[in-house]
Amino acid sequence: MDSTGHRHLLSEGSGAMDEARWADAKAAFEEALAERITPDALDGLARSLWWIGDTDAAVTTRTRAYTYFKREGRVDEASRTAVWLALEYSTTPGREALARGWLARAERLADDPGSVTAGWLALTRSTLEADPMRMAAHAEEALVVARDHDDASLEIRALARAGLALVLSGRTEEGMSRLDEAMTAAAAGESEHPEIFAETCCDMVSACEATLDTRRLEQWGQVAERFLDMRPHPDLLGFCGSCCASVLAARGDLTGAEQWLTWTINSLEGAGHESRCVDPRAKLAELRLGQGRVEEAQRLVAGIEARPEATRVMVALHVMSGELGAASSLLHRRLAKIGAVSTAAIPILAMLAPIQIERGDLAGAGRSAERIDELATQSGQAQHRAEADVARGRFALAKGTTTDASQALFSAAEAYDQLGMPIHVARTRLLLAETLADSDPETAIAEARAASSRLDEAGLTADADRADSLIRSLGGRGRVGPKRAGLLTKREHEVLSLIAEGLTNAEIAERLFISVKTAGNHVSHVLTKLNLRSRTEAAAFAHQNRSGVVLSPL
């Protein structure tokens, strides 16, 4: 085939890529390569393979493209390809060394510090950086280059990355402003590359998750839905599923969130892609914990335990197993990475405070509540103020000042209601009910019933059962539905407590002076009444209902 025919096939492949016809693009580039191996044909084939979902083949093919670009002296294309490989490896935990190796190769090839390639190199450094301040500095460097060269794709990504870094460093308002600008440009189609929009959404989701900014997440989530409806790139949904799920969860639609998360996990696995932002497995695991499906949650986070978005699940699992020290240590490690001045520390401190109370560390819980209050005042966001009120209410209750506790929790419930966050309202009303149980049992029953109804409707059976247990302890009647803790006999409650300690049937029999067979029957009855499938789930249920420490977030 002559050079004209080869160029025609390359053009045909590029046109198919623009129209999201990945298979047609792949066929055109393969036909071009059958006649003559060129770096452009290899690069086009790699991009089509990536969108089809054959990620390993895409990386292998683009590595070959890099080699051919370099052999032909096309240094800028070789450097850009090395940057792509570095970014691709950086998205997969455990491949940071490969990412840094390709970054180093790209840096060696790029000899013009003001070139567009140098800007993408700076963006890659930002992506690989853990420290928010250095992350922001690299992103700002990329932003300057992008504007010098009028490169829309680089500008959007640099803006988003700088915004996320500023948010994580505590400059929330400034960071969110940059993220809003990046999302506006991406949604307007200023970049011709659809993955730029998906990756920008990822940074926005990460920032909103870190700062509990559900209102902003919902607003941009609606924009994302419209963008995806108008573009012929269905594969982008696999990257945006966590965003869509978070939007639905913020509205209280956990059924819709669950459907999105399940679909996203299946889509990513089927396409061979990794999650670009908040891993949907971690979010689905949170939901499973709220549903009392502990073993499923454990399976979902297997292999991603070290990712930041899995922190909440891992802390919950530790607490459910009675490992409060391990849970506390994990949260302190996260705080050390985030930094004390960042509003991203608020959700971490909000998890830490009740664990400190459960461990008897009231001084530590007081410091955590005070820090949340300072950060909430700094950010000025209503949801942060609500989190501060919840922490203040828990601490006041632990000190025995019921009036202060109830006032703080009532204020938090009102704030969540105004923010349109029904699940947070229900959980806060349950805390309020527990606070009022001794001093005002009638109001406590009313609050617990309201909480139970909403939690049950959302499918959060673990919290709903806790509410029903409180109602029955105060002489009321819980919701109609699966038999749960409120219907256990006194002996079965004793057995449940011993299961939570990890005792076998023989050890339970010895402790209660009964036969092993009788102990086994009691264990079977406990599992049946609690609608649980294993001793692990029973132990988790016991710990959660005893302490009320774990609040599944979603």
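**Figure 1. Phe513 in the loop between helices H27 and H28.** In this predicted model, Phe513 lies in the loop that joins helix H27 (505–512) to helix H28 (516–530), where helices are DSSP runs of H or I with at least four residues, strands are runs of E with at least two, and both are numbered from the N terminus. Although Phe513 is not a glycine, its phi is positive, at about 60 degrees. Phe513 is exposed, with a relative accessible area of 78% (buried means under 20%, exposed over 50% and partly exposed in between, with a 1.4 Å probe and protein chains only). Residues are numbered from 1 along each chain as its sequence is written, and side-chain values use heavy atoms, with hydrogens and water left out. Because the model is predicted, local features need pLDDT of at least 70 and side-chain atom pairs count only at pLDDT 80 or more, whereas totals for chains, interfaces and linings use all residues.

**Figure 2. The contact of H26 with H28.** The axes of helix H26 (residues 490–500) and H28 come within 9 Å and cross at roughly 95 degrees (axes are lines fitted to C-alpha atoms, for helices over the stretch in contact, and angles run from 0 to 180 degrees between N-to-C directions). H26 and H28 are therefore roughly perpendicular to each other (under 35 degrees counts as roughly parallel, over 145 as roughly antiparallel, 65 to 115 as roughly perpendicular and the rest as oblique). From H26 the contact draws on Arg491, Glu492, Val495, Leu496 and Ile499, and from H28 on His522, Val523, His525, Val526, Lys529 and Leu530, contact meaning heavy atoms within 4.5 Å. These residues divide into six nonpolar, two polar and three charged (Ala, Val, Leu, Ile, Met, Phe, Trp, Tyr, Cys and Pro count as nonpolar, Asp, Glu, Lys and Arg as charged, and the others, Gly among them, as polar).

Figure 3. Helix H15 (residues 280–290) and helix H16 (residues 294–301) have axes that come within 8 Å and cross at roughly 170 degrees, which makes H15 roughly antiparallel to H16. Arg281, Ala282, Leu284, Ala285, Arg288 and Leu289 in H15 meet Val294, Glu296, Ala297, Leu300 and Val301 in H16, and the residues of this contact comprise eight nonpolar, no polar and three charged. Pro308, in the loop between H16 and helix H17 (311–320), is partly exposed, with a relative accessible area of 47%. Between Pro308 and Ile348, 40 residues apart in sequence, the C-alpha to C-alpha distance is 11 Å.

**Figure 4. Trp120 in helix H7.** Trp120 belongs to helix H7 (residues 116–128) and is buried, with a relative accessible area of 11%. Leaving aside residues up to four places away in sequence, Trp120 touches Arg80, Val83, Asp151, Ser153, Leu154, Arg157 and Ile196. Glu77 is 43 residues from Trp120 in sequence, and their C-alpha atoms are 12 Å apart in space.

**Figure 5. Asp150 in the loop between helices H8 and H9.** Asp150 is placed between helix H8 (132–149) and helix H9 (152–168), and it has a positive phi of about 55 degrees although it is not a glycine. With a relative accessible area of 70%, Asp150 is exposed, whereas 55% of the 554 residues of the protein chain count as buried.
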